[in-house]
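Please read it alongside the sequence and the model.

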Amino acid sequence: MTTTTWVAAWDRADGAERARALFAEQFGAEPAGVWSAPGRVNLIGEHTDYNGGLALPFALPHRTYVAVRPATGDRIRLVSAQEAGVREVDLAAVAPGTVDGWPSYVAGVAWALRQAGHPVGGFDIAVDSCVPYGSGLSSSAALECAVAVALDALNGIGLAGTDAGRTTLTALCVRAENEIAGANTGGMDQAVSLRGRAGHALELDCRDDSVRQVPFDLTGHDLALLVIDTKAEHSHAGGEYAARRADCERAAELLEVGTLREIGPDDLGDALATLARVTGPEGADSALAEVLVRRVRHVVTEIGRVQEFVALLEAGRLTEVGAAMDASHASLRDDYQVSCRELDLAVETARDAGALGARMTGGGFGGSAIALVPAAAVQPVATAVAEAFEAAGLRAPAFLVATAEGPAA
């Protein structure tokens with residue numbers, strides 16, 4: 001019989017103790033404190049953030065924990081339970097292209113705070129995490145945001161105490177990821193990790209960074225959100241993600257708008273017709289035109305699906321959101337072209353096994369899928385997916401049940 005692997009979230013006290021113990025073991029002293037930040041699941045609104053659109057994520061109970069102690073000078077010493085060895089970085093020398101691997105997310109946040117004029121010096125840091133790595137659940141943003149609130153507290157900056165300050169920290173974490181880690185992402189992941197609320201999804205308007213907390217009570221409707229980590233490794237730093245963003249920027253330029261958010265549903269037909277006539281240096285460029293049409297169609301319709309999803313949540317009609325989830329996956333697969341064999345198999349199998357709706361979540365090219373299921377169907381749906389992966393000769397997936405929890409602290 002096929003077994004299913006479940007990824008449990010750590011108790012907050014246990015997670016903090018893991019990071020503290022790692023710090024003491026590696027650095028021979030106690031940290032000044034331990035901070036943590038959650039990964040996230042995005043219910044709907046994929047690849048809309050860098051287009052000024054809407055997204056609807058929530059913060060997971062799975063968190064990244066950082067034990068930190070200030071150090072003299074500009075030296076950063078880093079250790080992770082998930083990576084071998086101790087790394088060292090000279091904060092004064094940090095610049096785009098100078099730090100590689102996971103330390104770039106840590107050093108990048110310190111660099112961004114310094115670039116913004118905040119007095120941040122060297123520090124020792126130990127990291128441990130139960131956010132599945134490479135799963136599309138924003139392990140990188142969880143690390144950045146945990147570091148951000150730690151450095152904010154240790155250096156008396158004071159941004160984490162208000163939503164306005166957390167909005168600023170969000171922007172600094174995004175800058176760290178874009179410029180130091182080299183991943184040209186939007187700000188959805190950092191926003192929900194810093195600004196989410198337990199029991200709520202976060203409707204994020206990426207045009208002005210405003211948020212609205214939307215009650216998200218699955219238990220009261222006898223439902224659960226099953227997350228399927230396909231184990232097809234996902235990375236935001238890959239070229240395909242950057243290419244999709246470049247496509248959208250090119251389309252916005254041709255349509256003479258600042259972002260694709262400015263193209264409303266009533267304008268979509270005319271916009272697609274304009275893009276269908278796009279020309280290259282040597283005349284008609286039908287291949288480019290087709291790509292841009294697909295990208296714009298996904299972004300505009302996905303923003304509409306976020307609005308539909310939120311309206312259903314607010315009306316208490318959670319059992320009706322499945323159609324929007326299904327349509328989102330089809331759009332991401334066909335128009336945005338960011339799905340893969342594992343994601344499609346997970347989504348199709350979950351639906352066949354009784355899910356009310358299912359879709360990939362995150363940037364794509366691997367990572368995780370989500371399925372909205374009756375609470376009693378969590379294990380049967382997970383088993384069906386695991387069996388389908390085994391029959392296809394694919395690496396066994398892992399599963400978790402997602403609930404909306406609190407932000408970085």
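## Annotated domains

UniProt, in an unreviewed entry, places the feature "domain: GHMP kinase C-terminal" at residues 310-390; positions from that record follow the numbering used here, feature names are shortened, and annotations may be inferred rather than shown by experiment. The model is predicted, with local features requiring pLDDT of at least 70 and side-chain atom pairs counting only at pLDDT 80 or more, whereas totals for chains, interfaces and linings use all residues. Residues are numbered from 1 along each chain as its sequence is written, and side-chain values use heavy atoms, with hydrogens and water left out. The span 310-390 is 53% helix and 15% strand, and its end C-alpha atoms lie 36 Å apart; helices (H or I, at least four residues) and strands (E, at least two) are DSSP runs numbered from the N terminus.

The UniProt record, again as an unreviewed entry, also lists "domain: Galactokinase N-terminal" for residues 22-70, a span that is 12% helix and 53% strand, with its end C-alpha atoms 16 Å apart. For "domain: GHMP kinase N-terminal", likewise from an unreviewed entry, UniProt gives residues 105-196, and this span is 58% helix and 8% strand, with 21 Å between its end C-alpha atoms.

## Helix packing

The axes of helix 2 (residues 103-115) and helix 3 (residues 139-154) come within 9 Å and cross at roughly 45°, where axes are lines fitted to C-alpha atoms, for helices over the stretch in contact, and angles run from 0 to 180 degrees between N-to-C directions. Helix 2 is therefore oblique to helix 3, given that angles under 35 degrees count as roughly parallel, over 145 as roughly antiparallel, 65 to 115 as roughly perpendicular and the rest as oblique.

The crossing of helix 8 past helix 9 is left-handed.

## Pocket and cavities

The second largest pocket holds about 210 Å³ of space (an open set of points on a 1 Å grid over the protein atoms alone, with protein on both sides within 12 Å along at least five of seven lines; a cavity is a set where a 1.4 Å probe fits but cannot get out, and lining residues have an atom within 4 Å of a point). Its lining comprises 16 residues, of which V174, G186, G187, C206 and D209 lie nearest the centre. Helix 4 (163-180) and helix 5 (188-195) are the elements giving two or more residues to this lining, and helix 4 gives the most, with 5 residues. By class, the pocket lining has 6 nonpolar, 6 polar and 4 charged residues (Ala, Val, Leu, Ile, Met, Phe, Trp, Tyr, Cys and Pro count as nonpolar, Asp, Glu, Lys and Arg as charged, and the others, Gly among them, as polar).

The structure holds 3 cavities of 30 Å³ or more, and the second largest cavity has a volume of about 40 Å³, a volume being the space filled by probe spheres set on grid points joined across faces, edges and corners. The second largest cavity is lined by L43, F216, L218, L223, F309, L313, L318, V321 and L372, a lining with 9 nonpolar, no polar and no charged residues.

Definitions and conventions:
A crossing is left-handed if the near helix is turned anticlockwise from the far one by less than a right angle, and right-handed if clockwise.
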